[in-house]
Amino acid sequence: MGEFKVHRVRFFDYMPTAIRAMAFNAHTEKLALGRMDGSVEIFNFADHYFQEKVIPGKDSRSIEALCWVGGRLFSAGLNGEITEYDLENLRPKYSLDAYGGPIWTITSNSQGAHLAIGCEDGTVKLFEVLEESIQFERNLDRQKGRIISLSWHPSGAQIAAGMMDMIRVFDVPTGHAVQRLLVDRGFGGSKSRETVVWSVVFLSDCTIISGDSAGKVQVWDGHTGTLVKTHLVTKWDVLALSVSKDESSVVVGTSEGTVIQFQFIAPTLQQQDKEWVRTRTFKNHTHDVRALAEIETAIVSGGMDTQLVVRPLLEKFDERSYASGLRKIHFPHRNLVSCAKKAGLLLFQFPGQLELWRLGESDGHGKPGDSLPLKRKPEKLLHLKRKGEDHICCSALSSCGGWLAYSTMSSVRLYRLQTDNNDISITKVPKLPKVLRSAHQLCFSSDSSKLFAASSQSSVLIIALSQSECKYVHTLKPKSGSRQPIHLMTNSVDGKWLATANSDCEIHVYNVQKLKLHCIVPVYGSCPSAIGIHPTTNNLINVHADQQIFEYSIVEKQYTDWSRKLQKQGLHNLWLDRDTPVTHVTFNPNNPEQILLHDMHMFCIIDQSLPLPDQKTQFYNQMTLRSLSGQERPSHLHAFKICKTFQDLLSVSLLDDQSLVMVERPLLSITSQLPAPVRQKKFAT
Amino acid sequence: MAALYEGFTLCGLVPTQNASDSPIQGIELDGDSDHAVVTDSTRSVTLYKVSDQKPLGSWTVKQGQLLTCPAVCNFQTKEYVVVSDNKVIRVWKDEDLNIDKAFKATVSADVWRVHSAPGGEPVVLFQRGAVRLLDSLLSAPQQPIEDVLSEEEVIRWSTNIVAEKQHFVLFTTEQKGEHFLYVQRLNPNTLQKYRLEREDSGAPPLSFSASLRDKHINLLYLYPNGCVYQSVVAVRGPVELEGVQTLPRSLRLRLPVGEGKLGAASAVALDEAHVAVVGMPHPSARTGKDFLCIWNTNFQTLQAGKEMVGRIHGPVWCYLGKLFVPHGKALSVIPYECQKSSLASALGKLRHAGIAVSKSSVAVPSWNSLLHGDQPQGPAKIVDTRKSNGFIGDAQDLQLSVGQLACHLVARSQAETAFYTPGALAQLVQTQCLCHSVCPDLLLLALEHKDYFLCQLCLQLFPDIPEVVTCACLKTFIRSHQSIEMRLFNLCGGVLQTAYSDNFLLPHLKDLNAQQVILFLQYLQFVYLKFSQDVYTQTPGLRSPTMTQIIDWLCLLLDAHFTVLVMAPDAKGLLSNLESFVKSQVKLFSELGKIEGSLQELHKMKLSKDISQYSIEVIELF
């Protein structure tokens, strides 16, 4: 196959922010995840945990809690506002001040008719959920001290509220507090500190379960207001609680990074009476577990260490399957790196800024495995801070390195870059067309004459770029009438075709020269995670969240023979078993047979001229091939050439000089930037 | 877990004049599981329906007469039996209104108790230890009754047990501060006498409780220091052994008694893992309150506790899931439940559950073959049995018989100076079924006979040699080998490897004289030098003491005799040698510590080199 020169880049200091809240919608199987920076991510658990949507954060927004009402998503935060999100345009639909000071929690009743929020000023406020908005209805009896956590009784008639040193139970129709459950303080030095009831759940049988800052999980009888059982689970805080749908299991998250399961079972053999018994402890986090959800077959957890962990409950599986494996989601399922292939520049996207880097150079050649001496070190050319409060949602760099664009929720900015030797100058392009207000995706045509911006309802704006001005050309609209946002966009090297993919799993191909829709690729059941148009054949390669690969001939408007063969034979099980999606597809102009793909853990070149591997073939065979002689080797070759030398990959691209750029972000570097975890007594220290 | 439920009062009690005496002599079962026959301490027997808390009938003897034993029910004839004024046996039926008009017979000796159990005939136990079946006694009441017990021996407690159609009467006696257990089998009649091990304080046991489990009689007894011991007597055991054997015991529970000792307390076994205790303070309550507690002996945990109003008088009785507790001015009935803990089954602690014990497979080694000829076969066979069928019950039996054999051999050796069987004893020790406490005289006997091989074996294999014995061995070894020689090394090596506690060892070490101390120090210095030269040749499992053990003993010896050694002129050279050697060792170790630090730094540097922000590499794909 051959040798490649690889720029191994580790200077992209990508740092995900901590997970603060999550809410699982059992009906749509979608998980909403709120991070500390105010961003919201939607994961589709029915489609291989694919990160379908990202709503960028905002400086002034904070999310303390998330809540689904049907298909509508609400959040509340310490800024005192309740926000409903527009999941089609990936922005807040509206925010309203609850006038109760910082809001600690938001929850809806099981009927979906009302929202309750817990405020710093000691009020529980009820809001009625209307068709297009929500409306304040009334306050429950105001208490002394903040309301930290809330849980509705499934009947909707009562609400349990976790406060400082106590839990209150409110009767919803009258608004009066009917029970007062006193929560003990911790021992020793923490005796003087108030106990914060971080989380409560109210079960149908009127059992209340609470988790507090003294490390206790307590089970209460809500009828009588008496304490049934105390489980001391940690020396630190119990932060999050989640109950399973059938109320037979409760999971709690602690500051130590453990998730502890309690189950409602008979504690001794052959006994009928059930009680809440601590059963399992999972340790997948190093820091606070702030958000938890127990779903049908798994426990989903997230917290300060920024990763989303899906821990399957193995007793719910009869056989090994995709869903029975432990999943850790570290990286976003989209690109944060743009590469100017001709100029050898890299653009890194952070929520608050962009960084432009020039790659280094080396001279001479080396054998495989060697590191080459550097002639020129990589250089940070530009550090571009965004304007305004809104975080950057997408960015693009033209392949010549002459144009740079980024978008936030409220504006798009376009810059002209000029580099001569070591000097770089940047000029903002003034007066962008008015229609270009914000974009979900941006990309430049390969000759840098056009900017494509994905807009609302899956439409694409075309902007013509020239030295003197930029002007609006056309809006491409899909015929399907989909309202979903575009999350992938790519164009062909010859400038003729533009392909887009949206969260409805639709892939549209437009003829940019004729400014019209060319075709719709047959809709496949799993969301596309990467698409690319071949530079010579103009075949569209699309890879989906379920790891399937399709090749579609744009010209002939049908799947290619290779694609049909691949589908007929099926992909190798080891390919299908991978647990991170392919996030980028690119091609080798010098060798049209080669398709380059990568996910977080591997980089792969598919050689279409080679036979496809069947299930009996050794799939990861690079080591074997290396050990074989030149004559033996051809009989062992297959199409998938996988390299795992590079780990924790954020981006892979191929420069015009045939060298690869691998952007790695070692998880260890992310971990080392986290704050210190709570101190734990280890044996013999 | 175990639980005590809400109890109820069965009847009121009239406190006795002597506050320490229980106002109730005994509570026995009737044929009906809901009935209880309560005998008070004076003249009355009352039959209660327990669930209704009401008396069904009451019988009283005349003024001036006294009931001297609790009434029991003869389950075969549905009659009640009681003894008044020690000699008069009275038998009556439910419908008899007046006990005086019922049958009575006067026997020729004082009766201690009448015992009765379902499935067996009532048995009469006389105060001098004789046992008669009730029927045969009543057929000839004036028959002569022999004395079984010696002059000053008195019965303290008795019970009876029916197991596999075998009827047993168990009773304990006290004689000059020593306590014995008698196991009387009926049909055929055999009597076995065991000596109970003395508790260090010499105090008598406070209470006994016997139960039948897995074809073994389990005897549970409580001492004032809070220790609850269990001894196991096989139902079908080697009964032909004569003489008094020491009854092996195991500590099941150590109750926290706090400051003082227990006055009157009582422990009764509820099942294999649970014991009910009264008269003991609750560990977390104020003193001065009487509690009924259930303890789990597997985990040594308190599982349930209940405060009883007023003082608890003497024993408690336990029948069919109910505890009968006389306390204050009432007799309370407290239902309880002991569940098999899930944790216990998870930890495999419930070893008896579900094991089908086949007792017939236990090989009891032949006494004669072991002593004369065929020597290797006996113990070898035992070991094989132990290994091949892993039943704990069998292992218990084996330990029992090995212990008995060893005790007998030792006792005979002590009695007859000419008799000593080193081979047999060594084989018994090598079964590893023995320990020092089972046969405390064995090691001393070996010492006496200068059987150093056996001493060595015991030192290596017994886990529980008291410090005083360890020191005695050490003294003998040193005394008998005045010059340093290889033999002494091996012997002292064994001593160094025994388990000990500093506090207990120190006083005995002080008994060594200066000459012995110097000799022992020389020995310790020699092995210390030897082992510090070839640290790496030490292999675990080899019978040589470890470096730490040597240094610990060195320190102990120096501590114990420091002033003596300072004064002794011939110790001067030795001590200064030791000091300079230790000094050089300390220096060496500090240097080694520095090297370790540098090596670790090197290790770290290699790691950090690997991580760079940027590199251009060449890869090859095939």
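Reader: Is the crossing of α7(B) and α8(B) left-handed or right-handed?

Author: In this predicted model, the crossing of α7(B) and α8(B) is left-handed. The term applies because the near helix is turned anticlockwise from the far one by less than a right angle.

Reader: What makes the direction of α7(B) relative to α8(B) roughly antiparallel?

Author: Helix α7, residues 441–448 of chain B, packs against helix α8, residues 452–461 of chain B, at an angle of about 150°, and their axes are 8 Å apart. An angle over 145 degrees counts as roughly antiparallel, so α7(B) is roughly antiparallel to α8(B). On the α7(B) side the contact is made by Leu442(B), Leu443(B), Ala446(B) and Leu447(B), and on the α8(B) side by Tyr452(B), Leu454(B), Cys455(B) and Cys458(B).

Reader: How many residues of each class does the contact of α7(B) with α8(B) have?

Author: This contact has eight nonpolar residues, no polar and no charged ones. Tyr and Cys count as nonpolar, as do Leu and Ala.

Reader: Why are α7(B) and α9(B) called roughly parallel?

Author: Helix α9 spans residues 467–480 of chain B, and its angle with α7(B) is about 10°, with axes 11 Å apart. Angles under 35 degrees count as roughly parallel, and α7(B) and α9(B) are therefore described in that way. Leu443(B), Leu444(B) and Leu447(B) of α7(B) make the contact with Val469(B), Ala472(B), Cys473(B), Thr476(B) and Phe477(B) of α9(B). By class, seven residues of the contact are nonpolar, one is polar and none is charged.

Reader: How do you know that α12(B) and α13(B) are roughly antiparallel?

Author: Helix α12 (residues 514–533) and helix α13 (residues 547–560), in chain B, pack at about 150°, with their axes 10 Å apart. The cut-off for roughly antiparallel is an angle over 145 degrees, and α12(B) and α13(B) therefore qualify. Their crossing is left-handed. Among the residues that meet are Phe520(B), Leu524(B) and Ser532(B) in α12(B) and Ile551(B), Trp553(B) and Leu558(B) in α13(B). The contact divides into 14 nonpolar residues, one polar and no charged.

Reader: What is the volume of the largest cavity, and which residues are closest to its centre?

Author: The largest cavity holds about 370 Å³ of space. Its lining has 25 residues, of which Asp37(A), Ser39(A), Glu41(A), Arg334(A) and Pro351(A) are closest to the centre. Strands β4 (40–44) and β5 (50–55) of chain A each supply at least two lining residues. By class, the lining has 14 nonpolar, seven polar and four charged residues.

Notes
Residues are numbered from 1 along each chain as its sequence is written. Chains are lettered from A and ligands numbered from 1 in the order in which they are written. This is a predicted model: local features need pLDDT of at least 70, side-chain atom pairs count only at pLDDT 80 or more; totals for chains, interfaces and linings use all residues. Side-chain values use heavy atoms; hydrogens and water are left out. Axes are lines fitted to C-alpha atoms, for helices over the stretch in contact, and angles run from 0 to 180 degrees between N-to-C directions. Helices (H or I, at least four residues) and strands (E, at least two) are DSSP runs, numbered from the N terminus. Angles under 35 degrees count as roughly parallel, over 145 as roughly antiparallel, 65 to 115 as roughly perpendicular and the rest as oblique. Contact means heavy atoms within 4.5 Å. On a 1 Å grid over the protein atoms alone, a cavity is a set of points where a 1.4 Å probe fits but cannot get out, and a pocket is an open set with protein on both sides within 12 Å along at least five of seven lines; lining residues have an atom within 4 Å of a point. Grid points are joined across faces, edges and corners, and a volume is the space filled by probe spheres set on the points.
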